[in-house]
Structure formats: structure tokens, C-alpha cells
Amino acid sequence: MFNRQEYEKRMAWYQHDRFGMFIHWGLYAIPARGEWVRSIEEMSVEEYEPFFEEFDPTDFDPRTWARLAKEAGMKYAVLTAKHHDGFCLFDSKLTNYKATNTRAGRDLVKEYLEAFRAEGLRVGLYYSIIDWHHPDFPHYGDQNHPMRNHPECGNENRNFNRYLDYMHGQVRELCENYGKLDIMWFDFSYGDLRGEAWRATELVKMVRSLQPGIILNNRLEVSGEGFGSLATGHPTEFSGDFVSPEQIIPPEGLQDALGNDLVWEACVTMNNNWGYHSKDKNFKPSSMLIKKLVECVSKGGNMLLNVGPDAKGNFPEESIRILKEIGAWMQKNKESIVGCSKSSLPKPENGRITQKGNILYYHVMENSIGFVPLHGIQREKIRKIRLLSDGSELKIANFWSVVNYPDVVFVELSDTPRLPDETDTVIKIEYVE
């Protein structure tokens, strides 16, 4: 039976923190053509094996990763403990296909968790519930398996329940052997493989018994394109705790069928791939990602921004630059993100609004000729107006050019045609309660 009070209690930190780092890393960093390379190129186990033999991330230093995440203003992180290719970054006792059996010889999940916790960040693990390496996972005819078009790889002697025992066992290992986990990010359901096909109720009960208070996403029911039973207002045992739109920000935020706000998190890549792709240089500008983070919060959502480290364990130079640029903005404006949610006011045409109690954060993303109008702000409710970045007072304009619009509050932000912050200038408005 769904207990909304317990649910809201465990989701409080998550809805407060708003901004996290996704990290997709594994053997696929060596071919460097994205995390789906084995499926897209229909590579056999034998063709993929050289990457296992070669894997040796000599530059891997999760402390550097953690510092970059923290400096960017991120409050939590999620690492791929196992992706679809079945390779484990942790020391699973249930397989030999793991980082400790490579030249790396290290439990990379353990080191990640220790480093990110040391920086005060909450920690999560991604775990793929599909597995292209396991012999009992469907091969021929599957929607995604690399051998889907190979009739010689038929499924006659495959035992899916044996695979599920393996999958459940690995999730148990992650829950039992690595201390407190804040998030478990499952991926993903499709076709007939959804819900109880994964023995999902059994799985979730086990996870919650071993990790009280852990937060789960909704992909035991759906993939990135679905909302699952959370959206019905009557969630199942395995519905998860938040909706996970992928590579899109919901146009209007999300509500369930009963009118309650849904908890959601947009997972977003910096370029076009989750895993490292050496030729993919189509990186989004940091200014765009800052605005998209603000958009998520203004609609009541989170952003999980991805980095795909290379084969040596380094973040791409472009990703580091973007993180630092986001961090410079967050250093001055994080108050308008962390602890904030959507506003009771509609979106203004020149920006967005986030809110924390009786404090409104008006994000000006488009400059004006002359004074800047603060759409929807009621003059009689204003206690004070400040520029968030430096705390300086902003006075309400009473100049002749604005007297024709007595219902609109205008402020002067700059003596030049440029905004103080051309990406997003944040105005802190304290309302009378």
C-alpha cells in the first residue's frame, strides 16, 4: 500500500538538491563509439572481448571526479555499476566479467563511492537489468541484443529465471556490500520485459529492506519514454519514486492523474552520447545547460547531467570546461536552484522563476530596452529586491518611460545593453508572507 507521507519524507533531500552528475563508464570507452556500440555494430562476445583484456584506466582518480561535481554545484551522482554490455565496475562474486579481473584490478565502484561521499555528495548506482553478456538473457529476436539477427544464437536452451537470479543477486551485492546508497537507478524495461517479468516486486522489496530510504527510478516498468504507474496516482510496489525523462524536459512539468505533482529528473547528455565517443564533439554550451537546469527546477524537476570518461578514466576536456563554467554561475546563484521548486507564478516571457517559500528568484535571460520588466510580480507584495550574485539593491523604476504601465514592476539591471550575467541574471525578490 502506497504511503504518501513516507514517500514525501524519503524524497525531501532529492527535491531539495535538484542537480546531479550521471557517469557512464565501462569497456565501451575503449572503442569510443558510445555505450551502445556492441548493439549497434552487432558485435559478438568474442569481438568485444579484446576491450576486456585491454581495460586499464591508469588515470582513474574518483577524487578528481568528485571535486569537479561538487565545484559544478552538483549535490549527488550516479555511476554505471553495470551497463547493458554486462561488464561490472564492482567486484561481483557472481561473474568473472568485472573490473577486478582486468588489468585495472580494482573495485572501481567502491573507490567512486568513497571519493564522492568524502566530498559530501550523495551517491547512487546505475544498474542495467538487461545483460548482453549473460548466456541466459534472450539473444536472437530480442529488440536490442547484439545477436538479435543471428538465428544460430537461438534461445532454446536459455533459462531466463536463471538470469533473473543472477541479476537479483548482483543488486543484492550492491545493496549489502557498499554502505548506504541514496539512489538505485535501474535501466530499462521494453516490450514484454517490464514489471513482474523482472520479478520486480520481489526485487524492490529486497532493495528497500537492505537500503531503507533509498530512492528508485521508474524503469522497472518503463524506459525513458514512459511514466509508469507513478503517473496514475496509484503506484505499484515497483513503480519507483521518480519519473526519468531522457534527453527531454517535460514541456509543462509533470502531474499524476490525481493532480499531484510528480517527482521527475531529466537525464541529459553534454554531447550526443552517454558513454565516451571520441569523435562526438557536439557539446552543448554551458549557457544552454544552465538555462535548462533552471527550466527543470522552475517546473519542479531535477537535472542529472552526464559525463562519459575516456578509456584512461579522464573526463573529456570539453566536459571539464562545461562543468567549471556551470560551477562559476552556481557559485553566485546556487541559492536559486538548491532548495527551490516551481513558482506559483507563470513563466515570464523574459526568463523563468524558481521559488523557495516567500522568496522568488526571477531569472532574467533576455535583456530589455531600458528598464527590465518583472512580469507577474506584484508591487504591493515586495519587501525587497536584490541582485542575487552580489546582494546589491535593485530599486523599482519610476521613470517617465514606465509610467504608462503602472501594473508592471520595472528595475534597472545595467547601464549598458548587456545584462550583468548574459546567461542568466538572477533577481531575488522577497515577498511579504
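This is a predicted model: local features need pLDDT of at least 70, side-chain atom pairs count only at pLDDT 80 or more; totals for chains, interfaces and linings use all residues.
Local features need pLDDT of at least 70 and side-chain atom pairs count only at pLDDT 80 or more, while totals for chains, interfaces and linings use all residues. Residues are numbered from 1 along each chain as its sequence is written, and side-chain values use heavy atoms, with hydrogens and water left out.

**View 1. Helix α9, residues 317-333.** Helices are DSSP runs of H or I with at least four residues, and strands are runs of E with at least two, numbered from the N terminus. Buried residues (under 20% relative accessible area, 1.4 Å probe, protein chains only) of α9 include I322, I326, W329 and N333. Among the elements covering the buried residues of α9 are β1 (19-23), α8 (286-298) and β14 (425-431).

**View 2. V338, in the loop between α9 and β8 (341-342).** V338 is buried, with a relative accessible area of 14%. Leaving aside neighbours within four places in sequence, V338 is in contact (heavy atoms within 4.5 Å) with H16, D17, K75 and K356. The C-alpha atoms of V338 and R18 are separated by 6.0 Å, although the two residues are 320 residues apart along the chain.

Key. The expected span of a helix is 1.5 Å times one less than its number of residues. Buried means under 20% relative accessible area, exposed over 50%, partly exposed in between (1.4 Å probe, protein chains only).
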